[in-house]
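Work through the exercises below with the structure open. Try each task before reading its solution.

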Amino acid sequence: MRGMVGSIEQVFGMPVRIVSNSGVSLASSSREAPLCAMINEEPAGRRACGAIVSEVKRLRVTSSEGTTHGCFTGACYRVVPIEYEGGTIGRAILGPYLPPAAESVPDTLLAIEGVDPARAAELLPHMARSTEATAETVAKHLVAVLDVILWSGHKALLTSKMHIASIRESYRELSEKNAALEQAYERQQELDKLKSNFLATISHELRTPLTSILGYSEMLVGGIAGELTGPQLDFVQIIHSKSDQLLKLIMSLLDLSKLESGTVMMRRSDVAIGAVLAEAASTVAPVATKKGVTLTVDAPADLPLVLGDPERLRQVFVNLGENAIKFTPTGGTVQMVARQMATEVDGGGDEPGMVLLAPLRQMVEVRVTDTGIGIPTAERDKVFDPFYQVDQSSTREHGGTGLGLSIVKRLVEAHHGTVHIEGHEPTGAVFVVRLPASRPSSPPSHGAISVRFA
């Protein structure tokens, strides 16, 4: 409105004011007529001028055409109501302006104490002049412009309120959904904890009698209770074999429970990853030989040491080796290849050039490659979930509980490493394990390791 008032004054030469119903000035032109400035220099003139301005501001206009109010200077004020949606919300005041015929200083002005008649006559011609018709036209133009401004402003206000109301409603719905999700998450955590406790308790309770079954079956096979016939010996050996499988499953459940609860014990030391791979390969070699799968290990001599628990790392590569052999057909190959690599340390920043300054971290990468059936891309992240099987049908060809890879992922992450799966053309899969070196300048392992089991 200030810009509009200023432009009207600039075009028509008449001062303009916009006031509310209570008389509060909302916008006004900044130029004061020289005659009015001279009158306001004297206390009596200021009082008289203030009284007229207050009277004009409080003037109640009943007609939409407006009215004219006179001033003791001989000038006039044109007052028109500002109406919107059937109600009066303010007034527009044009003036003061002199009629074109006014040539002399009126007696009402000379009656003000302190007014210099000669100076008043000199300044009178400089006051804005307008006919009543022109003033009425300017007033109508002003009201029309104000109506457009009010309509646009009211529309923007309503749009903003609706937008804010929509945002508040969306925020309320989102808050309710977040609260429900948080409750569901807390419930899921509670159930997950109960599940872990249940598995740990049951596994511990099952392990004790199963150990006795294994011990007694070994004694029976050894003939401590008397010589067994051929079929009896076969049956006892089957009991011993299946009990051993069941014990491995129970131990896996216990390991998973400890890893999930964070109570697994880690005895960290500098570990030569080549020796760990050789030991893991020798553990699974009988299974590979029995199935007709070629198993090789390749670890160069310049590999740095890894800070970790050698037994837990052996468990990682035993699980990966058993998994690869299980899904590799007869005549296939499984390779464990270790190499040194460097990666950027997290936190280098996103600023341009920071990548060049980011320090490098020495890593040891082990790739367990097989020529088996492979893993679909969509399933590669899911296979690390506990009890997950790619083939979940009741007639699936390959057995297993789905715990091995879940334990692998948790053990690798406990060593501050990563594990992921890549495809292997034309068939098979590659499990990539990356473990940080124990020190930036970690000494190499004792020697190169190259092992082949066929």
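**Exercise 1. Two packed helices**

Is the crossing of H9 and H11 left-handed or right-handed? The model is a predicted one.

Solution. 
- Step 1. Find the helices: H9 covers residues 310-326 and H11 covers residues 404-414.
- Step 2. Two packed helices are described by the angle between their axes and by the distance between the axes.
- Step 3. For H9 and H11 the angle is about 145°, and the axes are 9 Å apart.
- Step 4. The crossing of H9 and H11 is left-handed.
- Step 5. On the H9 side, the contact is made by Arg312, Gln315, Val316, Asn319, Leu320 and Asn323. H11 brings Gly404, Leu405, Ile407, Val408, Leu411 and Val412.
- Step 6. Sorted by type, the residues of the contact of H9 with H11 are seven nonpolar, four polar and one charged.

**Exercise 2. The largest nonpolar core**

State how many residues the largest nonpolar core has, and which have the most contacts inside it.

Solution. 
- Step 1. In soluble globular proteins, nonpolar side chains tend to be buried together.
- Step 2. Here the largest nonpolar core has 42 residues.
- Step 3. Ile273, Phe317, Leu320, Val368 and Phe431 are the residues with the most contacts inside this core.
- Step 4. Elements giving two or more residues to this core include helix H8 (273-291), H9, H11 and strand S10 (360-370).
- Step 5. Take Phe317 and leave aside its neighbours within four places in sequence: Phe317 is in contact with Ile273, Val276, Leu277, Ala280, Met336, Val366, Val368 and Val433.
- Step 6. Another core, of 29 residues, lies apart from the largest one; among its residues are Cys36, Ala44, Cys49 and Leu109.

**Exercise 3. An open sheet**

In what order do the five strands of the open sheet lie?

Solution. 
- Step 1. The order is S2-S1-S5-S4-S3, with antiparallel pairing.
- Step 2. Strand S2 (25-28) and strand S3 (67-70) are the edge strands, each pairing on one side only.
- Step 3. On average, neighbouring strands of this sheet are turned by 25° against each other, direction ignored.
- Step 4. S3 pairs with strand S4 (residues 76-84) over four bridges, in the antiparallel sense. Tyr77 in S4 is the bridge partner of His69.
- Step 5. Strand S5 (residues 87-97) contains Pro96. The peptide bond from Gly95 to Pro96 is cis, with omega near 10°.

**Exercise 4. A covered strand**

How many of the six residues of strand S7 are buried?

Solution. 
- Step 1. S7 spans residues 294-299, and five of its six residues are buried.
- Step 2. S7 pairs with strand S13 (residues 449-453) over five bridges, in the antiparallel sense.
- Step 3. Leu295 has Phe453 in S13 as its bridge partner.

Notes
Residues numbered from 1 in each chain as written. Predicted model: local features only at pLDDT ≥ 70, side-chain atom pairs only at ≥ 80, totals over all residues. Heavy atoms only, no water. Axes fitted to C-alpha atoms, helices over the stretch in contact; angles between N-to-C directions. Left-handed = near helix turned anticlockwise from the far one by under 90°. Contact = heavy atoms within 4.5 Å. Nonpolar A, V, L, I, M, F, W, Y, C, P; charged D, E, K, R; others polar. Buried < 20%, exposed > 50% of the residue type's maximum accessible area, 1.4 Å probe, protein only. Pairing = 2+ DSSP bridges. Core = buried A, V, L, I, M, F, W, Y, C linked by side-chain atoms within 4.5 Å.
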